[in-house]
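Colleague: I'm new to this one. Can you put it up and walk me through it?

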Amino acid sequence: SNACDTIVLDLSPPSGSVAIARSSGDYTLSSTLAVTFSSADQTVTGFAYGVAPLDCAQATFSSLPSGSVVKSVDVQSGEGTRTVYACFRAGSGLVGQASDTVNVDPKDPSLAPLLLPTTGAFVATRRPTFQWGPAEGAASYTLWIRRADTQVVVLQQSGIDTTSYDTTLAQSLPQARLEWSVQATKPSGRTSGPNWTRANVLTVDIDAPTAASNLAVAASATFNRITSPAPCTTANPCLNDPRPTLSFTAGSDAVDTSVVYTVQVAQGVDFTSPVVEVPRRDNNAFRIPTALADGSYSFRVLTLDDAGNSTASAPALFQIDRTAPFAPTFVPPVDPVSQAVMASIDIVWTSEGDSGATSYVFQVGQAGRGFSLINVAQATTTYDVDGQLVDGASVRHHMRVASRDALGNQSPFTTASFIHDSVAPCFGGAASVALLGSDAANDYSNAPVVGANITCTGESASSMLWACDGTLAGKPLLPFSTTSTCALPDGANTVRAK
């Protein structure tokens with residue numbers, strides 16, 4: 001009879017594989033790994049595994065049903081490289097080894113610090129540049145932008161491998177209030193952000209504000225503003241205030257409610273180099289801080305929003321004139337004067353209309369007592385002082401006159417004086433007439449020559465009227481007496497002296 005036996009001769013170690021589940025690339029996010037142990041080798045009857053290299057001769061094997069099994073394997077916690085080892089045993093007792101290595105990343109990247117635009121910023125472009133700081137461990141970034149009012153995302157750009165991004169034409173942002181944040185991504189796929197609670201807020205504002213209007217120039221107290229005569233007009237007024245008060249109606253902006261202003265003052269209408277530039281947060285009237293010299297000026301208002309958009313108003317013209325006209329001079333009056341005997345006493349001064357004078361200030365007063373007798377402002381160059389002077393014998397009066405222009409600029413005073421005498425010689429005493437010749441005491445004379453001696457107390461006469469024939473005629477007084485030859489008929493005659 002015949003007999004036989006069959007034996008399997010197995011001279012090769014069995015094969016198998018270890019496969020660690022990954023989240024991204026060669027990374028897993030947890031230190032608890034999902035590991036697949038498998039073998040297509042029909043001779044494999046068991047496997048053993050560990051997180052350190054195995055001594056397969058000492059290992060404890062488990063069955064490998066259906067040639068594959070998934071095990072949850074805990075490895076060392078923390079970030080780093082981890083390896084899982086396995087032994088596969090065949091029925092012959094031969095063993096084979098396999099392993100798999102993975103990067104464990106259990107930690108999210110840090111939040112990327114947001115830099116520009118800063119929160120609260122306004123930008124005057126639909127395509128701003130965004131900048132942020134690096135996030136620890138990040139390999140790429142995603143920029144997120146959404147509307148602040150509706151939280152609708154208007155831009156999500158991923159795969160950015162730098163810490164800045166220039167929006168493209170196709171990504172032009174809406175004119176609105178927006179929020180932006182950045183999501184950092186590690187090679188493992190771990191992410192941080194976007195953190196909307198720490199998002200930066202920006203406002204896209206590409207439209208310029210409306211211009212300021214109703215620009216006006218006013219004079220401060222004690223100064224004047226006029227619109228005539230020429231060259232002063234309503235559109236180009238004249239002021240003698242070197243620091244005029246400026247006002248305007250505010251401009252506005254559809255997006256930015258907090259516009260500001262820059263007020264510029266220029267000589268003429270050239271604002272290349274303004275002589276005064278004043279920043280203003282409101283449109284309240286204000287007096288400019290710098291005194292202006294005489295000349296022609298204009299001012300305008302720049303309305304600026306927070307994005308830097310600006311609109312210039314139309315300029316408003318004005319003129320500064322602080323130059324007074326020339327001082328007038330007196331035409332010398334008759335001196336002395338007497339309102340007791342003169343019908344009018346006209347004081348006359350020169351006209352200074354060619355230098356801008358439109359009126360004159362004329363004042364009269366008694367010497368040493370101010371100018372309280374007469375104080376008038378008039379357009380003419382003559383004034384009758386008759387009836388307004390202090391009566392008396394040889395009372396000295398002072399007078400002064402100054403010219404003014406239409407703005408009220410006044411020249412220095414020109415001063416002069418004159419004497420007013422309203423008292424008759426001898427203080428009203430009669431002149432005494434003494435006849436020359438025999439028996440003069442009895443008013444008889446046998447001589448054809450009649451003389452008169454005039455005596456005054458305190459004040460002498462400067463002339464006399466003398467008549468021996470009925471007609472008074474002026475005669476010199478030398479100094480207190482005079483003589484005259486008269487052909488007198490016999491009989492009673494009248495001799496008069498004044």
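Colleague: Let's start with asparagine 195. Does it count as buried, partly exposed or exposed, or rather, which of these is it?
Modeller: Bear in mind that this is a predicted model. Asparagine 195 is partly exposed, because its relative accessibility is 22%. Buried would need a value under 20%.

Colleague: Where does asparagine 195 lie?
Modeller: In a loop. Strand β15 (191-192) comes on one side and β16 (200-204) on the other.

Colleague: And what does asparagine 195 touch?
Modeller: Leu111 and Ser181, leaving aside residues up to four places away in sequence. There is also a polar contact of 2.5 Å between the side chains of asparagine 195 and threonine 197.

Colleague: How far apart are the C-alpha atoms of asparagine 195 and glutamine 183?
Modeller: They are 7.9 Å apart. Along the chain, the two residues are separated by twelve places.

Colleague: Let's move to serine 192. Which strand is it in?
Modeller: Serine 192 is in β15.

Colleague: Is serine 192 buried or exposed?
Modeller: Buried. Its relative accessible area is 9%.

Colleague: New topic. How many salt bridges are there?
Modeller: The count is nine.

Colleague: Which residue does arginine 190 form a salt bridge with?
Modeller: Aspartate 108. Their closest N and O atoms are 2.8 Å apart. Arginine 190 sits in the loop between β14 and β15, and aspartate 108 in the loop between β7 and β8, so this pair ties together parts 82 residues apart in sequence.

Colleague: Buried or exposed, for arginine 190?
Modeller: Arginine 190 counts as buried, at 16% relative accessibility. Aspartate 108 is partly exposed, at 38%.

Colleague: What does aspartate 105 pair with?
Modeller: Lysine 186, through a salt bridge with closest N and O atoms 3.0 Å apart. This pair links distant parts of the chain, 81 residues apart. Aspartate 105 is in the loop between β7 and β8 (114-116). Lysine 186 is in the loop between β14 (177-185) and β15. Both aspartate 105 and lysine 186 are buried.

Colleague: And aspartate 26, what is its salt bridge partner?
Modeller: Arginine 22. The closest N and O atoms are 2.7 Å apart. Aspartate 26 is partly exposed, at 35% relative accessibility. Arginine 22 is partly exposed as well, with a relative accessible area of 32%.

Colleague: Now the sheets. What is the strand order in the open sheet of four strands?
Modeller: The order is β2-β7-β6-β4, and the pairing is mixed.

Colleague: Why is one side of β2 and of β4 left without a neighbour?
Modeller: Because β2 (27-28) and β4 (44-50) stand at the edges, each with a single partner strand.

Colleague: How many bridges join β2 to β7?
Modeller: Two. The strands run parallel, and β7 covers residues 95-104. Within this sheet, tyrosine 27 stands opposite asparagine 103 in β7.

Colleague: Last topic, the aromatics. How many aromatic pairs are found?
Modeller: Twelve, in a search of the whole structure. Take tryptophan 349 and phenylalanine 362: their ring centres are 5.1 Å apart and their planes are at 25°, so they are stacked. Tryptophan 349 is in strand β28 (residues 346-349), and phenylalanine 362 is in strand β29 (residues 359-366). They are 13 residues apart. Both tryptophan 349 and phenylalanine 362 are buried.

Colleague: Which residues form the aromatic cluster?
Modeller: Phe330, Trp349, Tyr360, Phe362 and Tyr383.

Colleague: What lies over the face of phenylalanine 371?
Modeller: Arginine 400, at 4.4 Å from the ring centre. Arginine 400 also lies over the face of phenylalanine 413, at 4.0 Å from that ring centre.

Definitions and conventions:
Residues are numbered from 1 along each chain as its sequence is written. This is a predicted model: local features need pLDDT of at least 70, side-chain atom pairs count only at pLDDT 80 or more; totals for chains, interfaces and linings use all residues. Side-chain values use heavy atoms; hydrogens and water are left out. Rings of Phe, Tyr and Trp (its six-membered ring) pair if their centres lie within 6.5 Å; planes under 30 degrees apart count as stacked, over 60 as edge-to-face and the rest as tilted. Helices (H or I, at least four residues) and strands (E, at least two) are DSSP runs, numbered from the N terminus. Buried means under 20% relative accessible area, exposed over 50%, partly exposed in between (1.4 Å probe, protein chains only). A charge sits over a ring if NZ of Lys or CZ of Arg is within 6 Å of the ring centre and within 35 degrees of the ring normal. Two strands pair if DSSP finds at least two bridges between them. Contact means heavy atoms within 4.5 Å. A polar contact is a pair of N or O atoms within 3.5 Å; within protein, one must be able to donate a hydrogen and the other to accept it, and residues adjacent in sequence count only if both atoms are side-chain atoms. A salt bridge is a side-chain nitrogen of Lys or Arg within 4 Å of a carboxyl oxygen of Asp or Glu.
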